[in-house]
Amino acid sequence: FAKLRVPKCGKSLLEGWTLQVDEGKIQELALKELKLYIDLNSLLDEEERCVDLSDVEGLMDVLRRKQRLISEQEMLQGLWAEVASAMGIEDGRESISFWNALAQRLGEEGYRQIVEKVEEIRNLVSRLLEREREIQLRLEGQVGELRQKLLTLQKGRQAFRGYIKHDGASG
């Protein structure tokens with residue numbers, strides 16, 4: 001089996017981990033990716049709650065934590081690319097050649113397990129993207145409402161100033 005050296009990274013991946021292109025390591029990589037998306041789903045729950053409560057500070061905290069997960073996700077995508085490279089595949093995990101090479105290395109049962117895990121990841125990602133869009137639309141709606149309230153407040157302030165000037169001139 002080809003070996004590749006994985007760069008040191010955050011706490012969620014093992015430091016100095018050497019990835020072999022075998023079923024166990026591929027399963028581990030898929031499980032790490034699945035866990036990342038499950039964690040992201042939890043953050044979306046928090047984000048949704050912050051949007052509902054108009055909690056800007058909480059929302060900013062959630063967005064910072066989401067950014068860390070996104071960075072980790074990018075690193076995991078890099079690991080998948082390294083797996084492809086170790087198998088002599090130039091294309092990434094989304095290519096047919098990647099899956100053909102993986103099937104040859106892992107055999108039918110190992111390949112089936114990996115495909116099931118990746119399908120689970122894809123389904124979760126699809127649901128997460130839909131939730132993300134829904135939350136974004138709600139947030140945009142709240143921004144619109146806030147903008148309208150600010151305009152109403154500004155108009156009220158202008159009317160009050162006009163009243164004061166008018167009242168002061170006649171008094």
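User: How many helices and strands does the secondary structure of the protein come to?

Analyst: This is a predicted model, and its secondary structure comes to three helices and two strands. Read along the sequence, these elements follow the pattern β-β-α-α-α. Of the 171 residues in the protein, 32% are buried, and among contacts between residues at least 6 apart in sequence, 57% join residues at least 24 apart.

User: Which residues have the most contacts inside the largest nonpolar core, and which helices supply this core?

Analyst: The largest nonpolar core has 34 residues, and those with the most contacts inside it are Tyr37, Val83, Met87, Phe98, Leu102 and Ile114. Helix 1 (23-53), helix 2 (56-86) and helix 3 (96-170) each supply at least two residues of the core. Methionine 87, taken without residues up to four places away in sequence, touches Val21, Phe98, Ala101, Leu102 and Arg105.

User: How do you know that the span of helix 2 agrees with its number of residues?

Analyst: The expected span is 1.5 Å times one less than the number of residues, and for the 31 residues of helix 2 this comes to 45 Å; the end C-alpha atoms are 45 Å apart, so the two values agree. At the start of helix 2, a side-chain oxygen of aspartate 55 comes within 3.4 Å of the backbone nitrogen of glutamate 57, while just after the helix glycine 88 takes a positive phi of about 80 degrees.

User: Why does serine 85 count as exposed?

Analyst: Exposed means over 50% relative accessible area, and serine 85 has 52%, so it counts as exposed. Serine 85 has its place in helix 2, and its C-alpha atom is separated by 9.3 Å from that of phenylalanine 98, which is 13 residues apart from it along the chain.

User: Is glutamate 47 buried or exposed, and what is the reason?

Analyst: The cut-off for a buried residue is under 20% relative accessible area; glutamate 47 has 3%, and therefore it is buried. This residue lies in helix 1, and its side chain is joined to that of lysine 66 by a polar contact of 2.7 Å. Leaving aside neighbours within four places in sequence, glutamate 47 is in contact with Leu59, Val62, Leu63, Lys66, Glu132 and Ile135.

User: What makes the pair of phenylalanine 98 and tryptophan 99 edge-to-face?

Analyst: The structure holds three aromatic pairs. In the pair of phenylalanine 98 and tryptophan 99, the ring centres are 5.1 Å apart and the planes are at 85 degrees; since centres must lie within 6.5 Å for a pair and planes over 60 degrees apart count as edge-to-face, the pair is edge-to-face. The rings of tryptophan 99 and tyrosine 111, with centres 6.2 Å apart and planes at 70 degrees, meet these cut-offs too, so that pair is also edge-to-face.

User: Why is arginine 131 called buried, and which residues is it in contact with?

Analyst: With a relative accessible area of 19%, arginine 131 falls under the 20% cut-off and is therefore buried. Arginine 131 lies in helix 3, and, leaving aside neighbours within four places in sequence, it is in contact with Asn41, Leu44, Asp45 and Glu48. Its side chain is joined to that of asparagine 41 by a polar contact of 2.7 Å and makes a polar contact of 2.8 Å with the side chain of aspartate 45. The C-alpha atoms of arginine 131 and asparagine 41 are separated by 8.9 Å, although the two residues are 90 residues apart along the chain.

Notes:
Residues numbered from 1 in each chain as written. Heavy atoms only, no water. Core = buried A, V, L, I, M, F, W, Y, C linked by side-chain atoms within 4.5 Å. Buried < 20%, exposed > 50% of the residue type's maximum accessible area, 1.4 Å probe, protein only. Helix = DSSP H or I, 4+ residues; strand = E, 2+ residues; numbered from the N terminus. Contact = heavy atoms within 4.5 Å. Polar contact = N/O pair within 3.5 Å; in protein donor to acceptor, adjacent residues only side chain to side chain. Phe/Tyr/Trp six-rings, centres within 6.5 Å; stacked < 30°, edge-to-face > 60°.
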